[in-house]
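Biologist: Could you walk me through this structure, one feature at a time? I would like the general idea and then the case at hand.

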Amino acid sequence: MGPVYNSIFWQLVSRSIRTEYLENLTGFAWLILQPLLLLAVYAFVFTSIFQARIPAAEHIGFVPYLAVAFWPWTAFSEAILKGSNTIVANASLIGKVAFATELLPLSMVTATFMMHVAGYLAVLLVLQFTGTDIHWLGVLVATPLLFLLCVLAGAFTLFFSALQVFVRDVAQILPPMMTFWFFTTPIVYSTSVLPGKMAEWLQWNPITWFVGRFRELILFGSYQPSLPDLLAPLGSLVLFWLGLKFFRRFSGHFEDFL
Amino acid sequence: MTQPLIRVESVSKFYPRVHKPWERMRAFAALVAGREPQGGAEVLHDVSLEVRAGESFGIIGENGAGKSTLLKILTGVISPSRGSVWVNARVAALLELGAGFQPEFSGIDNVRMKAALLGMTAKQLDQRLDEILAFADIGEYVYEPVKHYSSGMVVRLGFAVVAASDPELLITDEVLAVGDESFQKKCIKWIESFLQRGNTLLMVSHSMYMVQKLCHRALWLQNGRTQQLGDVFDVTQSYLAWHETRNAQEKRGRDEQGGGAGIYRIDSFAVAGFANGEDVQLRNGQDLQVDLVLHSPDGRPPVGLIGIVRADGTPIYGVASDFDRIRPEQLDQNRFRYRIRFTALALLPGSYSVRGHAMDPEGLRLSDTAEWRMRVVGESRELGLVRLPHDWL
């Protein structure tokens, strides 16, 4: 990871931010508005139609409960979806210039997280001013977790972006897959409302742990360490390493298939 | 410093067939299994070369000969299917017009990206930015999106960044052909000073003039194979000769004429110093001596015509015995001998033919032709076919 690697990386990050998020003046506004609208849709559907209740967080309310988990998920999901497309989308660059191509998906993931973390902070501020008790110390503790989530997104993105070069169908399969993942993660509901067996299975979803921790830290201000706290970071790093290995195993052949 | 800067060892390259989805899947399955995907076109076959530091090297050949693929392998954009490549230098490649330039971004943004891709850190770029802008010399346009640029401006900017990246090895394609005269001169000047500083150049060009001017050694690729590798003058001359011969063959195919077995015919046609059937090879400035024996069925001396044509058939000079009122040496009843010497041959290096013709005694009808292929070698950079006597005043 020399200085050159670094400077290419940050050039790509700033380029991604500008093309993906700040292309026009309202770009950044939409970055916050779009998830806010989605949040409103979910809030409406789940509180008004399904009358969903979160037994463990009656005093907090559904919207803050949802919002705190929703933004990290949006960053995670969007990072994977956008990042997985980067190799195919940059075919012309890859065919002409030799560089560490893994920087393309990784810079997109980083850009997406940077933008959504900014949106996250804005939303937390809005929640604070609308009467929700935000634990700012918890937010500080959650920062490394966001970074870890970004690493995990990087792991999946490395894998899928390389795979998509060879199997173009990945672009079609990935969005429904992420939607499935969204609903199998306790974001719009709490694990406590699930039947026992299901709740047990969901513990194997790594995002379950992330989402639970964000809520505990930011909404409840509580932090009780447990075994998954050790496994999740370790697992994320191992997955990232495997993703990078997979990517580099095939990156030399990209040009033949693009 | 004897360590070669570039070493290419028996490199072959197949492009796997990946147009249909099942072909992609099969090729991918082969990769997963750790094998090379089969099928597809072989673009390079068993190419080896070495380039030492401070040397400059040209790659020539027809379109589709595999030159660009070889460059892509050298820059690391693609990996060879077989064989291995080492490049031990800070490389800058100038392969295509504004490779890595994104049209939506301004020139300055693209300069930053390109500089990073060329291995410059942000700090180094800040130090060299003024130099880059001065070299590119496109004024306020640097703040405009690149999509508004002319192709010349893109090349200017691209070259300026490459020049500032201070490479040890410059790999370049035909790109310098774009851009106006003065910028081309600026680039050539920069490349010359770059070479003087002991750096290395590897270039692909269709301009033999450029290759001869800039390179020491050259590789001629033909259908992905090494046709010739060696001194730049040898390689470029054989390449040109091959081209001219091929063009001539095409031409001859078109106007294939009868003739040959007229009544006045050639008995023998020799070039002094060369065995029959051998190609004549001379250095420019050497003498060429030709010996033509004609057969005359009626005993009257025929007219001998001796000439030199370029390999594609373009006449350069021809002279007949009756122009100069030469009487041939009569060998016997029916055979007449003509001898001529072209002193200090003024032909420039290239490929030619020496032709002898038999004509009737009136010098009106050509009845027989014989030909020697001749190659003139030398290290002249003069242009054209012949050296005209001159004095610089």
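Biologist: Happy to start. What should I keep in mind about the model and its numbering?

Modeller: This is a predicted model, in which local features need pLDDT of at least 70 and side-chain atom pairs count only at pLDDT 80 or more, while totals for chains, interfaces and linings use all residues. Residues are numbered from 1 along each chain as its sequence is written, and chains are lettered from A and ligands numbered from 1 in the order in which they are written.

Biologist: How do I read a pair of packed helices?

Modeller: Two packed helices are described by the angle between their axes and the distance between the axes. Helices here are DSSP runs of H or I with at least four residues, strands are runs of E with at least two, and both are numbered from the N terminus. Axes are lines fitted to C-alpha atoms, for helices over the stretch in contact, and angles run from 0 to 180 degrees between N-to-C directions.

Biologist: At what angle do helix 7 and helix 11 of chain A pack?

Modeller: Helix 7 (residues 136-166) and helix 11 (residues 228-251) of chain A pack at about 25°, and their axes are 8 Å apart. The contact includes Leu152(A) and Phe159(A) from helix 7 of chain A, and Phe240(A) and Phe247(A) from helix 11 of chain A. Residues are in contact if their C-beta atoms, placed from the backbone, lie within 7 Å.

Biologist: How many nonpolar, polar and charged residues are in the contact of helix 7 with helix 11 of chain A?

Modeller: There are 16 nonpolar, four polar and no charged residues. Ala, Val, Leu, Ile, Met, Phe, Trp, Tyr, Cys and Pro count as nonpolar, Asp, Glu, Lys and Arg as charged, and the others, Gly among them, as polar.

Biologist: And is the crossing left-handed or right-handed?

Modeller: For helix 7 and helix 11 of chain A, the crossing is left-handed: the near helix is turned anticlockwise from the far one by less than a right angle, and clockwise would be right-handed. Helix 6 (residues 103-129) of chain A crosses helix 7 of chain A at roughly 145°, with axes that come within 9 Å, and this crossing is right-handed. Among the residues in that contact are Phe113(A) of helix 6 and Cys150(A) of helix 7. By class, the contact of helix 6 with helix 7 of chain A has 11 nonpolar, four polar and no charged residues.

Biologist: Now the sheets. What is the strand order of the six-stranded open sheet in chain B?

Modeller: Two strands pair if DSSP finds at least two bridges between them. The six-stranded sheet of chain B has the order 5-6-7-3-8-9 with mixed pairing. Strand 5 (91-94) and strand 9 (225-231) of chain B are at the edges with a single partner strand each, so one side of each has no neighbour in the sheet.

Biologist: Where do I see the mixed pairing?

Modeller: Strand 6 (residues 169-172) and strand 7 (residues 200-204) of chain B are parallel over four bridges, with Leu169(B) partnered by Thr200(B). Strand 3 and strand 8 of chain B are also parallel, over five bridges, and there Ile60(B) has Trp220(B) as its bridge partner. Strand 8 and strand 9 of chain B, in contrast, run antiparallel and are joined by six bridges. Their hairpin has two residues between the strands, and Asn223(B) takes a positive phi near 50°.

Biologist: What about the three-stranded sheet?

Modeller: That open sheet of chain B has the order 2-1-4 and antiparallel pairing. Its edge strands are strand 2 (41-52) and strand 4 (82-87) of chain B. Five bridges join strand 1 (residues 4-15) to strand 4 of chain B, and Ile6(B) stands opposite Val87(B).

Biologist: How is chain B divided into domains?

Modeller: Domain bounds come from an automatic or database domain assignment. Domain 1 of chain B covers 1-89 + 168-174 + 206-253, and domain 2 covers 265-377. Their centres, taken over C-alpha atoms, are separated by 41 Å, and each domain gives nine residues to the contact.

Biologist: Finally, how many residues of chain A are in contact with chain B?

Modeller: 20 residues of chain A are in contact with 22 residues of chain B. The largest share of the chain A side, six residues, comes from helix 1 of chain A. By class, that side has 11 nonpolar, five polar and four charged residues.

Methods
Contact = placed C-beta atoms within 7 Å.
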